[in-house]
Amino acid sequence: MKTLFNWQEEAMLSLYENNKLTSGIIEAVTGSGKTMLGLSIINDNSTKKILVITPTIVLAKQWFDEIIKYKLSTSNNLGIYYSRYKKIGDITVAVINSIRNINLVFLEQFDIVIVDECHHLPSDKNIKIFEKLKNKVIIGLTSVLQREDGRHILLDLPVKYRYTHIEATKEKVISDFIIIVKYLDLLEDEKLEYGKINSFINSYFKEFNYDFNTVKQCITNPVATELMRGFQKRKNIIYNSKAKIIEVFKILNFSNYNKSIIFTETKEMANKLSEFLIKNNIKNNVYKSDSEKVLKDIIIEDFKNGFFNVLISPKCLDEGVDLPECDLGIIVSGSSTKRQFIQRIGRILRKKDNIAKLYILCCRNTVEEKWINKYLKNIDKNKVIYNEN
């Protein structure tokens, strides 16, 4: 096993009471080593039967490979459980959607349950799993526990330890970084369309006390229906602005980087951006969630091996894929979700020698400004540059 960072040792100690492992959540910034913490828990409890739950097959495979790498289990007693492959062992790695409706007998055999990205556990679909696990020792790992829908309060577990990006950067656990917010103007036709939609929203949103959830709950109301369509149309204008495509090209053309990852909100924008960059001699590839697993694995390996140095991701690389080589990130399209921002910045903060840069493209005089201000609120102000040009 690797030597643990100080924070990992402190987090481990926080989980023990009277030399006995207890349930709790560890909230630590992406890239700081939550998986290694989990592996150490497995190593310290080698006589116990342990279940590791992940949100995706990609993450399950990473855990499976790491358990083998550190010889925490032999192939004979290491299991993996998801839709296409089911094998139970003393240590079993399971994808959460494969065990949602599993019977209690399956869960009863385990002494300890480690839930990676545990903020998924209190969702409407997954909460039944948590209810079945309440008599187990549950260790939750996450970078951001708080959910936008507030359901994290259903996860009745104490947060035993928190480790922030400020601490991790200071202690050189993750790379030092700088965030550059670049403000752009919508093109004239985009600005005109945005103005029309925004005027409609401002006129009728007040009927619902400016509360988005109230609009959703009243979806049978014709005005609420039109408002929901308006919200989406407004987002799409921001997400797919042509001004952002030009700006991405400029950043890539004038930046010194080893590997770059670009985040978009839509596949449409990812494809348009990819085509534009290829036409301008910048090799890249698009990592899509609906691609075949084999193809996705090939794309990641080709990226790591340098066949291309720009990877474009429409949302699906936000969580779970380890890309330690990246030192430049570009968020083309922001969103109102803080977790998404934390996951994205984590993709470029894996420990490396050089300073990582994250560009955030923001359409001026739009709701995107509010979103960005929201998720930069808790970021060290010395790490953020606002570029008005």
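Colleague: What radius of gyration does the protein chain have, against that of a compact globule with 389 residues?
Modeller: This is a predicted model. For 389 residues, a compact globule would come out near 21 Å. The value for the protein chain agrees with that, at 22 Å.

Colleague: What does the C-alpha trace span along its principal axes?
Modeller: Take the C-alpha trace of the protein chain, with its 14 helices and 17 strands. Along the principal axes, the trace spans about 65 × 50 × 40 Å.

Colleague: Which percentage of the residues is buried?
Modeller: Buried means under 20% relative accessible area. The count runs over the 389 residues of the protein chain. The buried share is 53%.

Colleague: Which share of the accessible surface belongs to carbon and sulfur atoms?
Modeller: The accessible surface of the protein chain totals about 19,000 Å². Of that, carbon and sulfur atoms hold 49%.

Colleague: Among contacts between residues at least 6 apart in sequence, what percentage joins residues at least 24 apart?
Modeller: Contact means heavy atoms within 4.5 Å. Take the contacts in the protein chain between residues at least 6 apart in sequence. Those that join residues at least 24 apart make up 76%.

Colleague: How far apart are the centres of the positive and negative side chains?
Modeller: The protein chain carries 59 positive side chains and 47 negative ones. The centres of these two sets lie apart by 2 Å.

Colleague: What distance separates the end C-alpha atoms of helix 10?
Modeller: Helix 10 covers residues 242–254, which is 13 residues. At 1.5 Å a residue, the span should be 18 Å. The end-to-end C-alpha distance agrees with this, at 19 Å.

Colleague: Which residues of helix 10 are buried?
Modeller: The cut-off is under 20% relative accessible area. In helix 10, the buried residues are A243, K244, I245, E247, V248, F249, I251 and L252.

Colleague: Is L121 buried or exposed?
Modeller: L121 sits in the loop between strand 8 (112–116) and helix 5 (127–132). Leaving out residues up to four places away in sequence, L121 touches I96, V115, N126, I127, I129, F130 and L155. Its relative accessible area is 1%, so L121 is buried.

Colleague: How far apart are L121 and I53 in space?
Modeller: In sequence, L121 and I53 are separated by 68 residues. In space, C-alpha to C-alpha, they are 9.5 Å apart.

Colleague: Where is N18, and is it buried or exposed?
Modeller: N18 is in the loop between strand 1 (16–17) and strand 2 (20–21). It has a positive phi of about 55°, although it is not a glycine. Its relative accessible area is 78%, so N18 is exposed.

Colleague: What is phi of N209?
Modeller: N209 lies in the loop between helix 7 (188–204) and helix 8 (212–217). At 65% relative accessibility, N209 counts as exposed. N209 is a residue other than glycine, yet its phi is positive, near 55°.

Colleague: Which residues does S313 touch, not counting residues up to four places away in sequence?
Modeller: S313 belongs to strand 14 (residues 310–314). S313 is buried, with a relative accessible area of 0%. The residues that S313 touches are I262, F263, T264 and Y287.

Colleague: Which residues is F5 in contact with, leaving aside neighbours within four places in sequence?
Modeller: F5 is in the segment before helix 1 (6–14). With a relative accessible area of 38%, F5 is partly exposed. Its contacts are S32 and V173.

Note on methods: Residues are numbered from 1 along each chain as its sequence is written. This is a predicted model: local features need pLDDT of at least 70, side-chain atom pairs count only at pLDDT 80 or more; totals for chains, interfaces and linings use all residues. Side-chain values use heavy atoms; hydrogens and water are left out. Helices (H or I, at least four residues) and strands (E, at least two) are DSSP runs, numbered from the N terminus. The radius of gyration is taken over C-alpha atoms; the globule rule is 2.2 Å times the number of residues to the power 0.38. Buried means under 20% relative accessible area, exposed over 50%, partly exposed in between (1.4 Å probe, protein chains only). Accessible areas come from the Shrake-Rupley method with a 1.4 Å probe; for residues, only the protein chains shown count as cover. Lys and Arg count as positive and Asp and Glu as negative; His and the chain ends are not counted. The place of a charge is taken as NZ of Lys, CZ of Arg, CG of Asp or CD of Glu. The expected span of a helix is 1.5 Å times one less than its number of residues.
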